[in-house]
Amino acid sequence: MELYVTEISKYVIAIMLLLYTATAFMAFRLRSREARTKIYVAQIMLIFMIQIACFIQIIARTGKVLYLFFFAFQIVVFSAVLMLFYFIYPDGNRLIINNCCLLLMIGVVILTRLSYEKAVKQFVIVAISFLIGFFIPEMIFRFNFLKRFTWIYAAVGIAAIGAVLVLGVAINGSKLNYSIMGIAFQPSEVVKVLFLFFMAGALYKAEGIVDILIASAVAAVHVIILVLSKDLGSALIFFMLYLALIYISTENIGLFIMGLAFVTFASAVSYRLFAHIRVRVHAWLDPFSDITNTGYQLSQSLFGISSGGMFGLGLYGGSPKTIPFVESDFIFSAIAEEMGILFSILMVLVCLSTFLLIMQEGYYIHDKFYRMIICGIGISYIFQTFLTIGGGCKFIPLTGVTLPLLSYGGSSVLVTIVMIMIVEGICMIGSDERYEEYLEERRYYERKRNRYERYEDEEY
């Protein structure tokens, strides 16, 4: 019986995600609020149907009734998040919050399959993150003085990642976190937000090359500290954020090309300086030459992805636990193995639609400070997604960063939800700008009509 349930449900899951992905891209073309509302309602129904089908598989495979309570708790929390968001922030981007909840749901499902204890911890952090995050859009919309703390953002960020360099414990060659009251914390995730606010504050009021050079020097301090901590994945993300924001601010393609050339040079230097980088590059080039040692992690990831086929082996049908750090670095491989290549591709398309939506909002907003922040969030999100999936698929060397909203990691999921809520606050600012434009245009035509009526009266 459980075999039939698993086989049927995995096809149902893939079809429903296909429908969700189609609606995500259809929403780009719809301008009518009523038409978009129908799309959003359909998406919510599909999210919960996918979740129900996944937990039917889990319960059929394990026979553990305990998972029903966990499933019910998720339904309550995600329903509350979606309903409250639509009620409190009607001018926010509903498609982005729908995509966020879908990806979080997929992450919790696959974590439940890998480790129930970690899934519970992750979901508790998700619930707390949304509780915190619901205040953020209003703060972004109301508190315009956030633009004034440029150097405070830089000082706090440098101090936080500097503490990791001094106090952090090296894990797999890198210093990523330190403990506060027994709780492991990865400051580079939080500092990513502070770094965005610093760069936006420094560049939106930059008046010349000197201001840009000063901002670049402070950005370099962030990157150098991360390199010294051997957190090269985060260092790469920070540097790409710097390049993107410099380009958005100056629109100088030459600076961007010079930055890419510097990244290439820095990568070659890092290869020479750091032994664990050389190990990762050698494993990337030929993971099967040392399959029992340095190439084991990547080779197991490739075996998992290839064994899943188009529709996957079903939850609990594969062996994703054979991949070291599968919950964090290789969550995509576990999803591809048990939920299928088709499901994985559709999930990547949902990530892509989220990125496009964020950048679209950035394109329309007039305030340069908020435009740089929202575009920086979009670039950070899609670049980190690329690094994680590309590393697990042997497209690029492993970087050790998490897949946003999907991988296990409290700091990562908290900061990603906070960044999504910052985006929603900026969407509200954009809606306010467009409303002011509408009022100004309406006032203009009213003045024009009044002048025309007075002219007719005088002629009469």
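**Cysteines, rings and charges**

The sulfur of Cys101 has its closest cysteine sulfur in Cys100, 5.4 Å away, so the two are too far apart for a bond. To count as a disulfide, a pair of cysteine sulfur atoms has to lie within 2.5 Å. Search the whole structure and you'll find zero disulfides. Cys101 itself is buried, because its relative accessibility is 1%; buried means under 20% relative accessible area, exposed over 50%, and partly exposed in between, with a 1.4 Å probe and protein chains only. Cys54 is buried too, at 1% relative accessibility.

A quick word on what you're looking at: this is a predicted model, where local features need pLDDT of at least 70, side-chain atom pairs count only at pLDDT 80 or more, and totals for chains, interfaces and linings use all residues. Residues are numbered from 1 along each chain as its sequence is written, and side-chain values use heavy atoms, leaving out hydrogens and water.

Now for the rings. The structure holds 26 aromatic pairs. In Phe369 and Tyr370, the ring centres are 5.1 Å apart and the planes sit at 80°, so this pair is edge-to-face. Rings of Phe, Tyr and Trp (its six-membered ring) pair if their centres lie within 6.5 Å, with planes under 30 degrees apart called stacked, over 60 edge-to-face and the rest tilted. Both Phe369 and Tyr370 are buried. Elsewhere, ring pairs join Phe55, Tyr67, Phe70, Phe71, Phe73, Phe78, Tyr116 and Phe123 into a cluster.

Some rings have a charge over them (NZ of Lys or CZ of Arg within 6 Å of the ring centre and within 35 degrees of the ring normal). Arg94 has its charged end over the ring of Tyr86, 4.8 Å from the centre. Arg113 lies over the face of Tyr316, at 4.8 Å from the ring centre.
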